[in-house]
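Work through the exercises below with the sequence and the model at hand. Try each task before reading its solution.

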Amino acid sequence: MKTLPAKATLFLNRMTQSVAHPIWASLGLALAYMVLCSAYITISGRFAAGVAGSVEQLRNIELLKGLVFVVVTGIGYFVFAAILLRRVAAQQYRIAQQQHALLTADSRAMAGIFAVSIAHDMRNMLGVAIAHEEELRHQLPPDGDHMAIAFLGKAIHELSALATRLMALGRTGTGLAFC
């Protein structure tokens, strides 16, 4: 793909950056167009008058001059609009990507907060279960079923470790450090 000359790129960058002031940008473009068109009409009119030998020749030169003017300005307008609209489309695409990234980050943060909240509550309840498991172990007679209490204690400690990992995972996605 061909690139524009540095001055044209600088001009287009300034024009696209002036979106905050579209009236001034529009005024600048309109004034530039009027100056260029007036210069073209004046210079080409003098040239046509000097070259034409008769009124008929002058009419034909002016007709040709007008048609060339319309074609050249139409092509220029097309190129300018194509470049400007391509930049607008690229910017809209970037905005859509950023919005998607924000929504994704927001949903991940909410999931992290939810995970940390659940894990925190789980650990609170497991703390009570651990205390009761230890109390049961001490109250159980020597000939009691210590194996069942040991399995219960192991399950409670594994759930506590799982809750700790869930809290750590939730914090990494949210930046939470207070739970």
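**Exercise 1: Y40**

Leaving aside neighbours within four places in sequence, Y40 is in contact with G45, K65 and F69, where contact means heavy atoms within 4.5 Å. The model is predicted: local features need pLDDT of at least 70, side-chain atom pairs count only at pLDDT 80 or more, and totals for chains, interfaces and linings use all residues. Residues are numbered from 1 along each chain as its sequence is written, and side-chain values use heavy atoms, with hydrogens and water left out.

Solution. 
Step 1. Buried means under 20% relative accessible area, exposed over 50%, and partly exposed in between (1.4 Å probe, protein chains only).

**Exercise 2: helix 2 against helix 3**

Task: Describe how helix 2 and helix 3 pack.

Solution. 
Step 1. Two packed helices are described by the angle between their axes and the distance between the axes.
Step 2. For helix 2 (residues 22-51) and helix 3 (residues 55-139), the angle is about 155° and the axes are 10 Å apart. Axes are lines fitted to C-alpha atoms, for helices over the stretch in contact, and angles run from 0 to 180 degrees between N-to-C directions.
Step 3. This angle makes helix 2 roughly antiparallel to helix 3 (under 35 degrees is roughly parallel, over 145 roughly antiparallel, 65 to 115 roughly perpendicular, the rest oblique).
Step 4. Residues of helix 2 in the contact include L29, Y33, C37 and Y40, and those of helix 3 include I61, K65, F69 and F80.
Step 5. Sorted by class, the contact has twelve nonpolar, four polar and two charged residues. Ala, Val, Leu, Ile, Met, Phe, Trp, Tyr, Cys and Pro count as nonpolar, Asp, Glu, Lys and Arg as charged, and the others, Gly among them, as polar.

**Exercise 3: I130 and L159**

Solution. 
Step 1. I130 lies in helix 3, and L159 is in helix 4 (residues 146-174).
Step 2. I130 counts as buried because its relative accessibility is 17%.
Step 3. L159 has a relative accessible area of 40%, so L159 is partly exposed.
Step 4. Neighbours within four places in sequence aside, I130 is in contact with I156 and H157, and L159 with M122 and L126.
Step 5. The C-alpha atoms of I130 and S160 are separated by 9.4 Å, at 30 residues apart along the chain.

**Exercise 4: the protein as a whole**

Task: How many helices and strands are there, and what percentage of the residues is buried?

Solution. 
Step 1. The protein has four helices and zero strands.
Step 2. Of its 179 residues, 15% are buried.

Notes. Helix = DSSP H or I, 4+ residues; strand = E, 2+ residues; numbered from the N terminus.
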